[in-house]
Amino acid sequence: MTSDSKNGDTRDGPLGFAHHDHAACVSDTLAAAEARCAADGLRFTPVRRKVLEILLQEHRALGAYAILDRLREDGFGSQPPVAYRALDFLVLNGLAHKIERLNAFIACAHPSHSHAPAFMICRLCDAVAETQSSPARGALGDAARATGFRIERTVVEAEGVCPACADKADA
């Protein structure tokens, strides 16, 4: 992803609803994933790379079977474990996230650093934008500290209407 906010980069904000150079978004994120896997000694196999590329092609969450169909079309096999193993690897290593509400997956918009993502999901077109949340702050963090609970993982998903669908509805 580029770092010029004038060109629509939203590295520190939601990506998915904003206009940006999508080709650069895909290629930069794939390059960052390759570099990170190499630095961490992780095997970024051709099928794992292809699954990440499929997830990057749209800022929309995809189910495992939709991914499997695309893998099959590209000659990567047709057995569900092929897709699920690649998705497990990507999620485990912070290169993708599971959207619980949709039982689907999306490429991480911020793969270069550890973060607690929050997702805005359009109820009309299922487009998903990722931003960062701070679960340790606010009411949830206060409640956790008050009880001695340590938050290890949160899933924040907000449902609403994306700008494109809102514009169409207003027209």
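Q: Buried means under 20% relative accessible area, exposed means over 50%, and partly exposed is what lies in between. Which of these does D40 count as?

A: This is a predicted model, and the classes apply to its computed areas. D40 has 46% relative accessibility, so D40 counts as partly exposed. R36 is partly exposed too, with a relative accessible area of 29%. Over the protein chain of 171 residues, buried residues make up 37%.

Q: What joins the side chains of R36 and D40?

A: The general idea is a Lys or Arg nitrogen within 4 Å of a carboxyl oxygen of Asp or Glu. R36 and D40 meet that cut-off as a salt bridge, at 3.7 Å from N to O. Both residues lie in helix 1, residues 22-40. They are four residues apart, about one turn of the helix.

Q: How many salt bridges does the structure hold, and which residue forms one with R72?

A: There are nine salt bridges in the structure. The partner of R72 is D69, and their closest N and O atoms are 2.9 Å apart. R72 and D69 sit three residues apart in helix 3 (residues 64-73), so about one helical turn separates them. R72 is partly exposed at 40% relative accessible area, and D69 is partly exposed at 36%.

Q: Which salt bridge links distant parts of the chain?

A: The side chains of R101 and E159 meet in a salt bridge of 2.8 Å, N to O. This pair links distant parts of the chain, being 58 residues apart. R101 is in the loop between strand 1 and strand 2, while E159 is in strand 5, residues 156-160. R101 has a relative accessible area of 39% and is partly exposed.

Q: Which residues do salt bridges with shared partners join into one network?

A: That network consists of E34, R49, K50, E53 and D74. D74 lies in the loop between helix 3 and helix 4 and, at 41% relative accessibility, is partly exposed. D74 and K50 are 24 residues apart along the chain, and their C-alpha atoms are separated by 9.0 Å. Their side chains are also joined by a polar contact of 3.2 Å.

Q: In what order do the elements of the chain run?

A: Start with the count: six helices and five strands. From the N terminus on, the order is α-α-α-α-β-β-β-β-α-β-α. To see how far apart in sequence the contacts reach, take those between residues at least 6 apart: 52% of them join residues at least 24 apart.

Q: How do strand 1 and strand 2 run, parallel or antiparallel?

A: Pairing is read from bridges, and two strands pair if there are at least two between them. Strand 1 (residues 96-99) and strand 2 (residues 104-107) run antiparallel and are joined by four bridges. K98 stands opposite F105 in strand 2. The hairpin has four residues between the strands, and N103 takes a positive phi near 50° there.

Q: Which residues have the most contacts inside the largest nonpolar core?

A: A core is read as buried nonpolar residues joined through side-chain atoms within 4.5 Å. The largest one has 25 residues, and those with the most contacts inside it are F44, V51, L52, L55, I67 and L90. Helix 1, helix 2 (46-56), helix 3, helix 4 (80-92) and strand 2 each give two or more residues to this core. Helix 2 gives the most, with six. Not counting residues up to four places away in sequence, L90 touches F44, R48, V51, L52, L55, L95 and A96. Apart from this core lies another of seven residues, among them A61, A104, I106 and I121.

Q: What average pLDDT does the protein chain have?

A: pLDDT expresses the predictor's confidence in each residue, from 0 to 100. The chain averages 82, and 84% of the residues score at least 70. Over residues 1-14 the pLDDT is below 50, and in the model this stretch has 34 contacts beyond near neighbours in sequence.

Note on methods: Residues are numbered from 1 along each chain as its sequence is written. This is a predicted model: local features need pLDDT of at least 70, side-chain atom pairs count only at pLDDT 80 or more; totals for chains, interfaces and linings use all residues. Side-chain values use heavy atoms; hydrogens and water are left out. Buried means under 20% relative accessible area, exposed over 50%, partly exposed in between (1.4 Å probe, protein chains only). Contact means heavy atoms within 4.5 Å. A polar contact is a pair of N or O atoms within 3.5 Å; within protein, one must be able to donate a hydrogen and the other to accept it, and residues adjacent in sequence count only if both atoms are side-chain atoms.
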